[in-house]
Amino acid sequence: MTHIFVNVPTNDLEKSKAFYTALGAEINPLFTDENAACIVWGDNIQMMVLTTEYLGTFTDKQIIDPRTHAQVQIAFSRDSREEVDRVLEAGLANGGSEPRPAQDYGFMYSRDLDDPDGNGLAFLFMEPQAAEQGPDAYLAEQAQA
């Protein structure tokens, strides 16, 4: 079984931990200390929020400032549009920002959320039929209904 661990930088570890737990994630204390926090989204998906200095020990490359440079956006599916909105509201209330308006494609609804450090997240809901059929077939079927 594959597990996903995503590493992102932070300038304020405690603020990051509060932000991500407000979104519904949990903290794994076994992999959390003064340099890092293990943010658990599910059985196979964890994020390591690392102090910028500590993340710098993992690479010889320059650590970018996520407030000014985008390198990756981490997208999470949700079970409904309402759940997408709920997560965004929790993020906005806990130091996050919404860099652009919600995107509604008919078959998919998504909203972007930058964490307090500027790391890019997205939360989306896709109609189950669109996920099974593909968006073009789903939209064509909806147009005929």
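**View 1. Gly24 and the helix that precedes it.** Gly24 follows helix H1 and has a positive phi, near 110°. The model shown in this and the other views is predicted. Within H1, the buried residues are Leu13, Ser16, Lys17, Phe19 and Tyr20. These residues lie on the same side of H1, because they cover an arc of only 165° around the axis. Residues three or four places apart in an α-helix point the same way, since such a helix has 3.6 residues a turn.

View 2. Ser16 belongs to helix H1, which comprises residues 13–22. With a relative accessible area of 1%, Ser16 is buried; the cut-off for this class is under 20%. When neighbours within four places in sequence are left aside, Ser16 is in contact with Thr10, Val49 and Asp117.

View 3. Arg111 is part of strand E7, formed by residues 108–114. The relative accessible area of Arg111 is 9%, and the residue is therefore classed as buried. Its side chain is joined to that of Glu98 by a polar contact of 2.8 Å. Apart from neighbours within four places in sequence, the residues in contact with Arg111 are Val84, Asp85, Leu88, Glu89, Leu92, Glu98, Ala102, Leu121, Ala122 and Phe123.

**View 4. Ala93 of helix H3 and Phe19.** Ala93 is located in helix H3, which spans residues 81–93. The residue is exposed, its relative accessible area being 62%. A distance of 8.8 Å separates the C-alpha atoms of Ala93 and Phe19, although the two residues are 74 residues apart along the chain. Phe19, for its part, is among the buried residues of H1.

**View 5. The largest pocket and its lining.** The volume of the largest pocket is about 500 Å³. Its lining is made up of 23 residues, of which Pro9, Ile64, Gln71, Val72 and Asn119 are the closest to the centre. Two or more lining residues come from each of strand E1 (4–10), strand E5 (73–77), E7 and strand E8 (120–126). E1 gives the most to this lining, with three residues. By class, eleven of the lining residues are nonpolar, nine are polar and three are charged.

Note on methods
Residues are numbered from 1 along each chain as its sequence is written. This is a predicted model: local features need pLDDT of at least 70, side-chain atom pairs count only at pLDDT 80 or more; totals for chains, interfaces and linings use all residues. Side-chain values use heavy atoms; hydrogens and water are left out. Helices (H or I, at least four residues) and strands (E, at least two) are DSSP runs, numbered from the N terminus. Buried means under 20% relative accessible area, exposed over 50%, partly exposed in between (1.4 Å probe, protein chains only). Contact means heavy atoms within 4.5 Å. A polar contact is a pair of N or O atoms within 3.5 Å; within protein, one must be able to donate a hydrogen and the other to accept it, and residues adjacent in sequence count only if both atoms are side-chain atoms. On a 1 Å grid over the protein atoms alone, a cavity is a set of points where a 1.4 Å probe fits but cannot get out, and a pocket is an open set with protein on both sides within 12 Å along at least five of seven lines; lining residues have an atom within 4 Å of a point. Grid points are joined across faces, edges and corners, and a volume is the space filled by probe spheres set on the points. Ala, Val, Leu, Ile, Met, Phe, Trp, Tyr, Cys and Pro count as nonpolar, Asp, Glu, Lys and Arg as charged, and the others, Gly among them, as polar. The arc is that of the directions from the helix axis to the C-beta atoms.
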